[in-house]
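Please look over the structure below before reading on. The text then goes from the parts of one chain to the contact between chains.

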Amino acid sequence: MNITLTLNGKRRTADIHPNAKLSDVLRQLGCASVKMGCNEGACGSCAVSVNGRVINSCLAYAAQADGGTVETVESIGSLDHPHPIQAALVEEGAVQCGFCMPGMIMAAKALFDKNPSPTDAELAIHLDGQLCRCTGYEKIQSALRRVAAHGAPVPSPGSSTKGGRS
Amino acid sequence: MKITAYHRPETLDKARSLLRDLGPAGIPLAGATSHAFMKGDDEKTAVDLAALGLDTITATPQGFAIGAMARIADLQAFAAPGWVLDRVALRFVSQPMRNMTTLGGNLARVFPWNDFPVALLALDATLDIAGDTVTTHPAATFFKGQPARLFKPGDLLTAIHVPAVGPGCGFGYHKETVVNMDFSLFTAAAWVRRDKRSLAEVRIAVGAGVPLPQRLIALEDALTGKAFSRDTVRAAVIAHAEAVSWKGGDGFSADYIRQLALTHLEDALHAAWNDAAGGAV
C-alpha cells in the first residue's frame, strides 16, 4: 500500500507492507536517528512525534501515520544551529553513547513546546519512557533543568532541516 | 500476527460493516501497543478506528463520557471537578505509551494486569457497545469474564461513562510494579462516600494478583456503615483478603501477592477516605 506523510516538513510517499512498523519505514526514508532498541515500546529510542504526540515508532504501524505529520530529531537542530535542548545536553556533557538521545530530545521537545518551564516532576513524568543504558540521567536532567530555567526558546521556522545529529 | 491489509474507515457504520464482513480475519486497531505481544503467523486485516471521532472526553450531568479511542495521555491531561482518572493515567507505563494507548484498547481485551478495569470497577462506570443497537454494560458485568463474550462480529466498544467523584466522596488508587514502566504486580482502587466519621458506601476493586480484575464485595459489605479507623480497615482487609485466591507468577509467590494486597488495599482505602475529606491522596 502507498502512504503519504509530511516528514520533517517535507511531503513523502512510501510503498509499504501493511505490517511495516513506522520505525522501519522512517529509517528507509533516511531518518537514521530513529533507533531500534527493544522493539516492544520499553526503551524509547525510537520515539518520534506523530501529529504532535511522541510515540514509540517501533509499535506503530506505518499505515497509521498515513496522511499525518511526522517529526524526527533530524528536523530539530543542526550541528551549526543546535536546538537549545541539544546545546544544553552537549554543554552538560549529558551525551555518552548517544543512542538514546534522539528519543530523549523528541520527548523533551514535546514537553517544552507545551510548557517552556517544566518542574522536575513534570520532566520526570514526560521523560519516563526514555531509557539511557549509560545511566546518564543526572546530567540529562541537569541539562533539561537548565533549559527549563531559561524557558526553551522556539527555533525560527526552517532553521534546521539537515545535518542534525544527536 | 501479521497485518496483511489496512483500512481506516471514517464512520462507525463502515467500521462495523468491515469487521462484520471480515469475521475472524479482521482485527480492530486502536493504539496497537499490544500487537507486539500477539505472536503467531495468523494474518489479519486491520480496521483502524482512529478516524471515527471516538476520542473525546465530555462532561455530562452524571460525570464524564469518554470515547473509546481517547488516549491515556488525554485522560492524564483532562481536568474537571470530580475527574480522577488522571491519577490512574499517570501510573500507566510511560509517556510515549500513554500517547499511543487508547482507553478502549485497555478495556476491550483484559489481561490480569490491565490498569483501567480496576479503576472503572471501583468508580462504577458503564461501557457502551455499539452493535445493531447500543447496549450499556455496568463495569461489574463487563469485566466478569473476557469482554469478548459480549461482542458479536462487528460490535465495537464506543464509550465509557464514568461518574464524577462528588462532594463527600473520594477515590484511591495504588499500583505496585517492579520498575516504573512494568506491568502491575498488584493494583487496588477504592471509592468511598463519607458520612461524618463513617463509611456510608464503599467500592473496592483489585487487579493483577487475580485472574481478572474484580470487586471485593465481601470486603465492601464488611466496611459499609462502619466508623472509619485504621484498626477497622486493617481488620476487615486481613479477614477478607484470606478469602481471595491470590495468584503468583513472574517469580512472585501467591503469598507475596497476598501481602502486597493487604498493604495496597489499606492504602487505597485511606487515600479514598482522605480524598473524600478534601485531603491529600
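Into which domains is chain B divided? Domain 1 covers residues 2–48, domain 2 covers 57–163 and domain 3 covers 169–276. The model is predicted, and what follows should be read as a description of that model.

Take domains 2 and 3 of chain B to begin with. Their centres, taken over C-alpha atoms, are separated by 20 Å. Domain 2 of chain B puts 20 residues into the contact, and domain 3 of chain B puts in 21 residues. On the domain 2 side, α3 (85–90) and α6 (116–123) of chain B each supply at least two residues. The largest share of that side is the six residues from α6(B). Sorted by class, the domain 2 side has 14 nonpolar, two polar and four charged residues.

As a general background, nonpolar side chains in soluble globular proteins tend to be buried together.

The strands come next. Strand β10 (residues 186–195) of chain B pairs with β11(B) in the antiparallel sense, over nine bridges. In this pairing B:Arg194 stands opposite B:Leu199 of β11(B). Two residues lie between the strands of the hairpin, where B:Lys196 takes a positive phi near 55°.

β11(B) also pairs with strand β12 (residues 214–215) of chain B, again antiparallel, over two bridges. Here B:Val206 stands opposite B:Gln214 in β12(B). This hairpin has six residues between its strands, and B:Ala208 takes a positive phi near 55°.

Why is β11(B) described as largely enclosed by the rest of the structure? Seven of the 10 residues of this strand, which spans residues 198–207, are buried, so the rest of the structure largely encloses it.

The last step is the contact between chains. Here 22 residues of chain A are in contact with 21 residues of chain B. On the chain A side, the elements that give two or more residues are β4 (53–56) and α4 (120–126) of chain A. β4(A) provides the largest share of that side, four residues. By class, the chain A side has 12 nonpolar, seven polar and three charged residues.

Notes. Residues are numbered from 1 along each chain as its sequence is written. Chains are lettered from A and ligands numbered from 1 in the order in which they are written. This is a predicted model: local features need pLDDT of at least 70, side-chain atom pairs count only at pLDDT 80 or more; totals for chains, interfaces and linings use all residues. Two residues are in contact if their C-beta atoms, placed from the backbone, lie within 7 Å. Ala, Val, Leu, Ile, Met, Phe, Trp, Tyr, Cys and Pro count as nonpolar, Asp, Glu, Lys and Arg as charged, and the others, Gly among them, as polar. A residue is buried if 20 or more other C-beta atoms lie within 10 Å of its own, exposed if 12 or fewer, and partly exposed in between; C-beta atoms are placed from the backbone. Two strands pair if DSSP finds at least two bridges between them. Domain bounds come from an automatic or database domain assignment.
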